[in-house]
Every structure is written in structure tokens, then in C-alpha cells.
Amino acid sequence: MEFDVSALRKDTDEDEFPYGDRAVTFIHVDSSGMVTADHTKTGKTTILNDWRPGELLVATWTGSRRSDTFSVDVEAARKALPGTSGPREAVKGRAHRKGLGPRQNQVVKQLNDELDSNGRRKYTVQQLADEFGTSRHTILGAIKAASAVSG
């Protein structure tokens, strides 16, 4: 699939584009059409590491009165965000698995179900995402998957 982003503004047109800012959301469409979006540094790092040439990656920068969408220079974004590397190499004979494994899903659900002394959840979804090095979307999916297995 080929994407034409020539009508979008370029992130490199801005002086010091704020890749790590929470007001900037990365939107990634992979070769299978799967859409991922995240505004956290952890999530954006995951998106950059998962991105492959030919896939769509844009950034939406939300201001006080409007949002602007930019095409992303992947190399510039990787330099600005720590923990990013080139695209992950596929292991021959094995497909790249997205999300967490069944055991990790159970651990995430157990941690999510823990309550503090006030009866509120002990950990936020964002805290769990940061702990597991993934996005909030993946954590929510893990909780749902573990609930389906146990419930």
C-alpha cells in the first residue's frame, strides 16, 4: 500500500518538533491496515520500532485552538526519542507477535484488579503500560483477553 503525504506539513519544517510531548500523537498504519495511535513516549517509541518502510506514520500536534497533522521523518523522530532503533528484524520462520503473551495477560489483569486501601485501582493503565514497555491499548487488550479466559 502506498501513501501520499505530500499535502501534509512536515515535522522537519518546525524548529525542534516536540516528538516527546504528550500533545503530539503518533498514528501508524501498518502494511496489514492495522492502525495504532499513542501520545506517550513509551507508545511512540514502540510505534517507531514497529514502523517499516512503506507504512504510514503521521503525528498530530494538538494546540489550544486546533490540531495539525504532520508527516513524520522517522530518523529525526528516532534521534529525538530515546530507546528507538531501526525496524525490528523478523526472525526467519516466525511472525512478529504484537501484544502480550497469555501469561503476561494474566499478570496484567491481576495487577489491574489490585485495589488500594480506599478501594481504588492500585495501578493505572498507563503505569502498567510503562511497566510492560507497551501501549495503553495493548494493556486494555491484555485485560480483556485475560478476562475472557478466566471469566
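The largest nonpolar core has 14 residues, and Tyr19, Phe26, Leu48 and Leu57 touch the most other members. Strand S2 (24-29), helix H1 (41-50), strand S4 (56-62) and helix H2 (74-80) each give two or more residues to this core. A second, separate core holds seven residues, among them Val108, Ala129, Ile139 and Ala142. A nonpolar core here is a set of buried Ala, Val, Leu, Ile, Met, Phe, Trp, Tyr and Cys residues joined through side-chain atoms within 4.5 Å. In soluble globular proteins, nonpolar side chains tend to be buried together.

This is a predicted model, in which local features need pLDDT of at least 70, side-chain atom pairs count only at pLDDT 80 or more, and totals for chains, interfaces and linings use all residues. Residues are numbered from 1 along each chain as its sequence is written, and side-chain values use heavy atoms, with hydrogens and water left out.

**Overall make-up**

The protein has five helices and five strands. From the N terminus, the order is β-β-β-α-β-β-α-α-α-α. Helices (H or I, at least four residues) and strands (E, at least two) are DSSP runs, numbered from the N terminus. Of the 151 residues, 34% are buried. Buried means under 20% relative accessible area, exposed means over 50%, and partly exposed lies in between (1.4 Å probe, protein chains only). The protein exposes about 9700 Å², and carbon and sulfur atoms supply 50% of it. Areas come from the Shrake-Rupley method with a 1.4 Å probe; for residues, only the protein chains shown count as cover. Among contacts between residues at least 6 apart in sequence, 59% join residues at least 24 apart. Contact means heavy atoms within 4.5 Å.

**Helix H1**

Why is H1 largely enclosed by the rest of the structure? Eight of its ten residues are buried. They are Gly43, Lys44, Thr45, Thr46, Ile47, Leu48, Asn49 and Asp50. Their cover includes S2, strand S3 (35-38), S4 and H2. Thr46 lies in this helix. Leaving aside neighbours within four places in sequence, Thr46 is in contact with Gly133 and Thr134.

**The second largest pocket**

This pocket has a volume of about 190 Å³. Its lining consists of Met1, Glu2, Phe3, Val5, Trp51, Gly54, Glu55, Leu56, Leu57, Ser71, Val72 and Val74. Eight of these residues are nonpolar, two polar and two charged.

Phe3 is in the segment before strand S1 (9-10). Beyond four places in sequence, Phe3 touches Val29, Gly54, Glu55 and Leu56. Phe3 and Val29 are 26 residues apart in sequence, yet 9.8 Å apart in space, C-alpha to C-alpha.

Val72 sits in the loop between strand S5 (67-71) and H2. Not counting residues up to four places away in sequence, Val72 touches Asp11, Tyr19, Leu57, Val58, Ala59 and Ala77. Val72 and Ile27 are 45 residues apart in sequence and 9.8 Å apart in space, C-alpha to C-alpha.

Which residues are buried, and which partly exposed?

| Residue | Relative accessibility and class |
|---|---|
| Phe3 | Phe3: 26%, partly exposed |
| Thr46 | Thr46: 19%, buried |
| Val72 | Val72: 13%, buried |

How values were computed: 1 Å grid on protein atoms, 1.4 Å probe; cavity = no way out; pocket = protein on both sides within 12 Å on 5 of 7 lines; lining within 4 Å. Points joined across faces, edges and corners; volume = space filled by probe spheres on them. Nonpolar A, V, L, I, M, F, W, Y, C, P; charged D, E, K, R; others polar.
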